[in-house]
Amino acid sequence: MSNSQLGLVEVGFSAGIVDSSADHSEFSPLGAAADVSYAINPASSLMGITRMEGVTLAGTSMNYTHAMFQGQGAVISLSGAEQPVVKAAAFMPLNVSGRAVDGLGGSRALLWPQLITALDEAMARNGKLLGLDEEYHGALTRADLNSLIQVVSGKVRLLVEVQRAADIRQVLSLIKRYPDLQLALSGASEAWMVAGQIAEVSVPVVINPESNLPYDFDQLAATLANAGRLADAGVSVCIGMNTHNARLITQYAMR
C-alpha cells in the first residue's frame, strides 16, 4: 500500500506528539531533510488492524510539515517486527495542490519558482553531496540540499500530490528539466484527462479510489472511472488510502 501515515499517527488531533506532522524547523526549512524512519512506532494499533486485512507492506510519510516538502518517506513492514523499516528515504512527498499552495504564499505563481529554484540548486551539485567541511554559500540548508540532491539524481523518488490536470502537466514538465528525476503522482483526480501524457513518460499514479465528486476546485473532473481510464492508457496505477481506512484497500482494489 502507498502513501499513508501508518506508524506515525494514532489520532490526528491528539494533544500529544503526532509524528505525521511537524512545525517549522531551522534545520530543514524546506522540509526535505525530515526522516520518518526515526519516528515509526511498530506497536501502533493501526499497524495490526491493517495487517489483519492482508496488507504486509506500506509506504508511510508525513502529511504536513509547514514547508514545501513532507520529508523522506519510508517503506515499512506491518509484520509486528521491532524494526519495521524496510527502506528508509524511499521517496519524498511534495504537495503542489491547492491545499498546499494556500500555505506557501497563496499562489502557484510563488510555489513553483520556489520549487524550481531549490531543485536547480541541488541539480548544480551534479550528484555530489555537500561535505561537512565544504564551504557553501547557497540558499538551502546543508541538510535540505543533500536531501534534494538525492531526488534530482534519481536515487529517491519524488511523490507529488497533485489534483488538477493543468498542475499535472506542470509536474510532468519537470522531467525535461531534471532528466534523472524519478516521479510518481498521488491523488491525481483529473489524471484521466492527461492519461496519454502520463503514459508517455512512464510515471506511475497513486489514486484515491473514493474520489468521485469534487472536493474543491482542483477536482472538478473527479470520477470513479479515473483508475480504469488510466490503466487503459497504459499508466501504472496503485491505490493509496487514508491511513485510518487502509485496511479497506483490498476491497477498493476490486471495485
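This is a predicted model: local features need pLDDT of at least 70, side-chain atom pairs count only at pLDDT 80 or more; totals for chains, interfaces and linings use all residues.
**Packing of H3 and H4**

Two packed helices are described by the angle between their axes and the distance between the axes. Here, helix H3 packs against helix H4 at an angle of about 85 degrees, and their axes are 8 Å apart. H3 is therefore roughly perpendicular to H4, since angles of 65 to 115 degrees are assigned to that class. The table lists the residues through which the two helices meet.

| Helix | Residue range | Residues in the contact |
|---|---|---|
| H3 | residues 108-123 | Ala118, Leu119, Glu121, Ala122 and Met123 |
| H4 | residues 142-152 | Leu145, Leu148, Ile149 and Val152 |

Of the residues in this contact of H3 with H4, 8 are nonpolar, 1 is charged and none is polar.

**The setting of H4**

How many of the 11 residues of H4 are buried? The number is 9, so H4 is largely enclosed by the rest of the structure. The buried residues of H4 are Ala143, Asp144, Leu145, Asn146, Ser147, Leu148, Ile149, Val151 and Val152. After H4 comes Gly154, which has a positive phi near 85 degrees.

**Aromatic rings**

Where does the charged end of Arg229 sit? The charged end of Arg229 lies over the ring of Trp192, at 4.6 Å from the centre of that ring.

Conventions. Residues are numbered from 1 along each chain as its sequence is written. Side-chain values use heavy atoms; hydrogens and water are left out. Axes are lines fitted to C-alpha atoms, for helices over the stretch in contact, and angles run from 0 to 180 degrees between N-to-C directions. Helices (H or I, at least four residues) and strands (E, at least two) are DSSP runs, numbered from the N terminus. Angles under 35 degrees count as roughly parallel, over 145 as roughly antiparallel, 65 to 115 as roughly perpendicular and the rest as oblique. Contact means heavy atoms within 4.5 Å. Ala, Val, Leu, Ile, Met, Phe, Trp, Tyr, Cys and Pro count as nonpolar, Asp, Glu, Lys and Arg as charged, and the others, Gly among them, as polar. A charge sits over a ring if NZ of Lys or CZ of Arg is within 6 Å of the ring centre and within 35 degrees of the ring normal. Buried means under 20% relative accessible area, exposed over 50%, partly exposed in between (1.4 Å probe, protein chains only).
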